[in-house]
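Trainee: I would like to learn how to read salt bridges. Can you walk me through some?

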Amino acid sequence: MTAALLGVGVCGSRPVAIGRAQLFAREPTVVTEEIDPAQIEAEVARLDAALECARHHLESVRGQIPNSTPLHIAEFIDAHLLMLTDSALVDATRDLIRERSINAGWALQIQRDTLVEVFDAMGDAYLRTRRDDVDHVVRQIQVFLSGEPSAQSVSASDLKDRVIVADDLTPADTILLRHRGICAFVIEHGGPMSHTAILARSLDIPAVLGVHNATHLLRQDELLVVNAESGTVLAGADESILAHYRKRLVSADQRRHRLRELVREPSTSRDGVPVVLLANLELPEDVDAVRSSGASGVGLYRTEFLYMNRSGLPDEEEHLETYLGVMRGLDGIPLTIRTLDLGMDKQVDGLAGSSGSLTNPALGLRAIRLCLREPGLFVPQLRAILRASAHGPVRLMLPMISAIAEVETVLGMIAETRRTLRRQGLPFDPLMPVGAMIEVPAAALCAGGIAKRVDFLSIGTNDLIQYTLAIDRVDDSVNYLYDPLHPAVLRLIRITLSRAAESRTRVSMCGEMAGDPRYTAILLGLGLREMSMQPASLLEVKEVVRSCDVGRVSNRMDQLMDRLDDLTSAQLLDAVNEVAND
Ligand code: PEP
Ligand code: MG
């Protein structure tokens, strides 16, 4: 019998996937039990076997690191390998099993708590990082003790053509799973604007998120049909259903093939209006996808991923090297580097203020707020971006601006950084454009004042929707309220565009809305002429741009703006599409 589970679909150019389930537990279950003294040596042997598996796994991950990967990733794994033989962790755990007659998982947990307490008491930032290493390594050993597969424990070859079914994946886990031949994600938590969803889109892997109880309802190895367009997951599909979806896979392939023909075509509307299409970049390795999408530049490079899956923070030289590597890959097209947006769901081990332990991290010390609080974190990045600008077209973009004073403070810091670089004889482009993201309603309402002070604006709809509609991006229980066409969101976009036009400031949009072809005509009608998106969506958006009559959709949107409260999203789409390619 076919069973269907529902969630929220996320897809780029691949709407459907068929593959066998690979279940993942993010947090391994730790069983705590006393054992018979006669079993003690067997339990110690079980611990040793788990240690051996963890070592084997880490060595195999280390062996798969491509040469192009920055050195720190390998160093991060080496530090963990060393810890697997550290007597403070390993011998002490063996002693606990023997002294207290308890099972290995429990003993390991007790020893972990003891070590973490010691590190916490020291309160030093570097030692806090070591504390997180202990956590990573212990979790890895616990995974092998529990026998439950996880993102870390399954080898690369086992994931080919698999559908990952997990309770939750952090952005950091998603990075670990990239390029391993996975065909789809089915995740219990998260929404369409969560960073896990954004990464799935950037990898062009279909995903369905917010599928409650998926890890309990779906069985390991069962064949699943993942329909990311409708947000459904089918289990136990019969041959006729499978045949239907196989046909869809073939036609999606053919469509991708046809779209490739648009790569070299200009991004100009039917009535001759040029529209700039840019790509979003999550990881330096993805520059090839940017180039082959035909994007005319990168409108958003999310640099916070540079901080994940590692111990320690990148320094100025590492930032610079990474940016120069990306610029070489981009071959002269402009790169918009967004300064750090840590906090909320993008946490970094050992960094004060980014702990996520506060009651509402989305409203807390996130992005530019964290950077202004921690100049030691921010200034090396500012210096590296400025220094990169000496080598090619670079723009600097500030996330989460909520007040004009914040813009002025950062502009002051940038001016000071320029003076220092000049004194040190380090070259930079004195005219490097600096822009602000509009992702908080307050910023949209003050867009005129912000626009006057910067060179460009970029609307971050993922956060703008989150803050306008009061829906947490990572909370799947409010996914149903997610609506980019909500009148309040459209009005804020309109306000941003018209206020920025007064000072002739360029406006781009780099949230997920910009890459969804269903919204392209409406955005053009609102006056947007520059959009940045996942490379996998770019040609679909270009296809809409090329078939759209911008003059007519603009007139139609002008008429509809006063009536937004009386239209459903579907009615609005119909009213605009009616004239878009008439
Ligand atoms: C946004 O908020 O729309 C955005 C582009 O930034 P991020 O998704 O990284 O928060
Ligand atoms: Mg944002």
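Mentor: Gladly. Keep in mind that this is a predicted model.

Trainee: What makes a salt bridge, and how many does the structure hold?

Mentor: Look for a side-chain nitrogen of Lys or Arg within 4 Å of a carboxyl oxygen of Asp or Glu. The structure holds 37 salt bridges.

Trainee: Which residue meets R112 in a salt bridge?

Mentor: D135 does, with 2.6 Å from N to O. The pair links distant parts of the chain. R112 belongs to helix α4 (residues 104-122), D135 to helix α5 (residues 125-146), and 23 residues separate them.

Trainee: Are R112 and D135 buried or exposed?

Mentor: Buried means under 20% relative accessible area. R112 has 16%, so it is buried. D135 has 18%, so it is buried too.

Trainee: Where do R256 and D253 lie?

Mentor: Both are in helix α9 (residues 239-260). They sit 3 residues apart, about one turn of the helix. R256 is buried at 18% relative accessible area. D253 is partly exposed at 43%.

Trainee: What about E222: which residue is its salt-bridge partner?

Mentor: R219, with the closest N and O atoms 3.6 Å apart. E222 counts as buried because its relative accessibility is 12%. R219 counts as exposed, at 56%.

Trainee: Which residues are linked with R338 in a network of salt bridges?

Mentor: E304, D341, R366, D463 and R473 are linked with R338 in that network.

Key: Residues are numbered from 1 along each chain as its sequence is written. Chains are lettered from A and ligands numbered from 1 in the order in which they are written. This is a predicted model: local features need pLDDT of at least 70, side-chain atom pairs count only at pLDDT 80 or more; totals for chains, interfaces and linings use all residues. Side-chain values use heavy atoms; hydrogens and water are left out. Helices (H or I, at least four residues) and strands (E, at least two) are DSSP runs, numbered from the N terminus. Buried means under 20% relative accessible area, exposed over 50%, partly exposed in between (1.4 Å probe, protein chains only).
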